[in-house]
Amino acid sequence: MDLHTAIVKSEEKKISLEEAKKFIFSENNGAESIFVGRVRNENSEKKVNAVTYDSHDQATIKSFQLICKDAKNKFDNNARIFLEHAKGYVPVGDISILIAVGSKHRDEAFKICRYIIEEIKHQSPIWKKEHYSQGGEEWLEGHSLRPKKNIK
Amino acid sequence: MKIQLKLYGPSKILSDKEIIHIEVPDNSNIDELRKVLSKIISKDNSKSNLKNLPKTAAFFSETNEIIYDNYKLKDKELISIIPPIGGG
């Protein structure tokens with residue numbers, strides 16, 4: 001298997017950079033590209049303590065698989081890809097998403113990484129709720145999956 | 001008839017329950033469900049931040065396929081509401 005995708009429940013496990021590196025390693029590949037998304041301590045001038053991620057797990061995994069297969073078809077069919085996204089309460093500094101790509105050359109590795117993160121933001125049913133230092137919490141606005149022409 | 005709506009993301013503001021039951025006219029489609037949701041949200045001031053949800057949400061069938069406005073709902077059918085997404 002050259003593709004690993006998962007939703008990781010934050011109360012059970014942390015996303016591991018070491019696991020990702022181990023998975024994508026191959027002597028056939030000369031390049032590795034890793035994107036790590038972490039919870040930031042500020043958004044829109046509000047201090048953030050943590051983010052809770054929610055996901056429609058089955059549809060998210062289906063979208064992850066499709067996006068990764070598309071990326072391989074577009075850039076390098078032999079690429080090895082590790083993709084995990086957190087679900088649940090994730091404090092500032094912890095990993096929310098990790099995309100690791102092993103590919104023959106650097107150009108493909110960079111492009112696959114970038115392609116996957118951008119497509120996830122537009123296709124995968126994942127939501128985030130920010131928790132603020134001053135109290136309160138807020139679900140963030142996102143990208144509608146309803147066809148634009150139908151939104152009046 | 002009643003349908004079952006599984007809540008995700010910001011739609012969880014609608015209820016503490018994972019699945020809510022919504023009364024819709026017989027033979028309703030998704031478009032009619034949007035109207036019913038609008039009425040439910042507009043009746044409750046504490047839900048005013050969801051006022052755009054009925055028009056911006058997508059819906060998934062039980063088999064996780066997107067279902068469109070003309071999709072005919074069945075009595076007791078379980079569907080998911082998919083508010084605008086924003087992972088990563």
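Biologist: In what sense do β4(A) and strand β7 of chain A pair, and over how many bridges?

Modeller: First, this is a predicted model, where local features need pLDDT of at least 70, side-chain atom pairs count only at pLDDT 80 or more, and totals for chains, interfaces and linings use all residues. Residues are numbered from 1 along each chain as its sequence is written, while chains are lettered from A and ligands numbered from 1 in the order in which they are written. Strands (E, at least two residues) and helices (H or I, at least four) are DSSP runs, numbered from the N terminus, and two strands pair if DSSP finds at least two bridges between them. Here β4(A) and β7(A) (residues 126-132) are antiparallel over 7 bridges, with Asp54(A) opposite Trp127(A).

Biologist: Which residue in β5(A) is the bridge partner of Tyr53(A)?

Modeller: That is Gly88(A); β4(A) and β5(A) (residues 80-91) are also antiparallel, over 4 bridges.

Biologist: How many residues lie between β3(A) and β4(A) in their hairpin?

Modeller: There are 2, and Ser44(A) in the turn has a positive phi of about 50°. Asn43(A) stands opposite Lys46(A) there.

Biologist: And chain B: what is the strand order in the open sheet of 5 strands?

Modeller: Follow β2-β1-β5-β3-β4 of chain B, with mixed pairing. At the edges, β2 (19-23) and β4 (66-67) of chain B each pair on one side only. Inside, 3 bridges join β3(B) to β5(B), which run antiparallel, and Phe60(B) faces Ser80(B).
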